[in-house]
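Please view the structure before reading on.

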Amino acid sequence: MNFENNLAFARSLDQHDPLHHLREEFLFPQQHGEPFIYLCGNSLGLQPKTARKYIDRQLSNWENLAVEGWFEGETPWMFYHKELKEMMANIVGASPLEVCPMNTLTVNLHLLMVSFYRPAGNRYKIIMEAGAFPSDQYAVESQVKFHGYDPTDAIIEVAPRNGEHTLRTEDILAAIADNGEQVALVLFGGINYFTGQWYDMPAITKAGHNAGAVVGFDLAHAAGNVPLQLHDWDIDFACWCSYKYQNAGPGGISGIYVHEKHFSDSSLNRFAGWWGYQEQERFKMEKGFLPEAGADGWQVSCSQVIPLALYHASLKIFEKAGYIQPLRQKSIQLTAYLQYLISEVNNSLGFEQYKIISPARPEERGAQLSIVAKYKAKEIFHALVANNVLGDWREPNVIRLSPAPLYNSFEDVFATAQRLMNISKELLTSQQ
Ligand SMILES: *Cc1c(COP(=O)(O)O)cnc(C)c1O
């Protein structure tokens, strides 16, 4: 599409956007009596207007039914998580049996590594992206130590080439092939939190399997953002949080995925708890753990009903949107429009003040653009916030802007670029 740098054009894109009305489903934070242009959904998605109602319903159940709420009422808590599974499965491309909401993300990463990182003999290494989200680095490092290995030996990080910001798929595949027989686990982010790069998940999975390794993904920045086919891509396991692109609230519940081919493998280790026990027999309270079929068998503690209710509210909006395909169509346009407008800002300044380090091709990224600001990066970021544009800041000089297709408009993106231009002109006069 040929974009235009004017408000009428942005508004006409909004008029033709079949998802435009969905922004009415969300609550926007305010400042100076005006709503923020919220481009921070990669960090914490906005609150659905229905969230309070979903929580209230469970508070009423608690009030009126107390302990009987586990088995009584419209949505007995014992089975409440099942109401979410089909919608979750639609978002990540899996069967409902393969997914389950539980715990929080890093906890689930640990639990899944207990099952799927099984070092033995020469095969004990983990391949991951350099610069992974710190929590993932700490989790992997501690898992490796737990098994008695030295992280500097057992963890292989694939890094960008000198002078580059993102990884080349060929380099990832070569790292896997080169270490072949020593690799126990390939564990990548779906989308890197810093650069916004969406890795070639099917290719990485295939290479990992060819090397004889297990392949898992942390989908914190991918789930609800880009189309995924976890089952068809033959990915072994994955987990994600629900509070970024999925708008389920701070500390929201996490989701796990386990490929069905692993369900019958009774040799898998688990850190078990009563909620993973076979559902029909759970309250016999017997000795000897027997897992429930499917991803539900990885549950440990009883369901977190209030976080489930929040995720339920947000998943219903994805259902309304028609899930990821329509959202992705809009997202590609929205992010490309921002990319175009940033280059317009540079053109107007007469130098490359803003360098986008996210991949230039839509196929290699989701909704996020990570932008290195050459001069006065932090001041410009603060000025954006003061002008009601909320993105986020990463040291030392990166501004991340993520237009979310559920609640951002083309006009939001246009206004962001306008404000960025005005701020830049004001703050950078000496560089012109
Ligand atoms: C956001 C994020 C986390 C956060 O994990 P929590 O356990 O939910 O605090 C972990 N890993 C990645 C890759 C993330 O993007």
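The model is predicted: local features need pLDDT of at least 70, side-chain atom pairs count only at pLDDT 80 or more, and totals for chains, interfaces and linings use all residues. Residues are numbered from 1 along each chain as its sequence is written, and side-chain values use heavy atoms, without hydrogens and water.

**Cavities**
- The whole structure holds 2 cavities of 30 Å³ or more (a cavity is a set of points on a 1 Å grid over the protein atoms alone where a 1.4 Å probe fits but cannot get out; its volume is the space filled by probe spheres set on the points).
- The largest cavity has a volume of about 50 Å³, and its lining (residues with an atom within 4 Å of a point) includes Gly224, Tyr245 and Phe318.
- Domain 1 (7–35 + 323–427) and domain 2 (53–321) each contribute at least three residues to that lining; the bounds come from an automatic or database domain assignment.
- The second largest cavity, of about 30 Å³, is lined by Leu111, Arg270, Phe271, Ala272, Gly297, Trp298 and Gln299.

**Sheet**
- Strand S7 (residues 125–129) runs parallel to S8, joined by 4 bridges; Glu129 has Val158 in S8 as its bridge partner.

Methods
1 Å grid on protein atoms, 1.4 Å probe; cavity = no way out; pocket = protein on both sides within 12 Å on 5 of 7 lines; lining within 4 Å. Pairing = 2+ DSSP bridges. Helix = DSSP H or I, 4+ residues; strand = E, 2+ residues; numbered from the N terminus.
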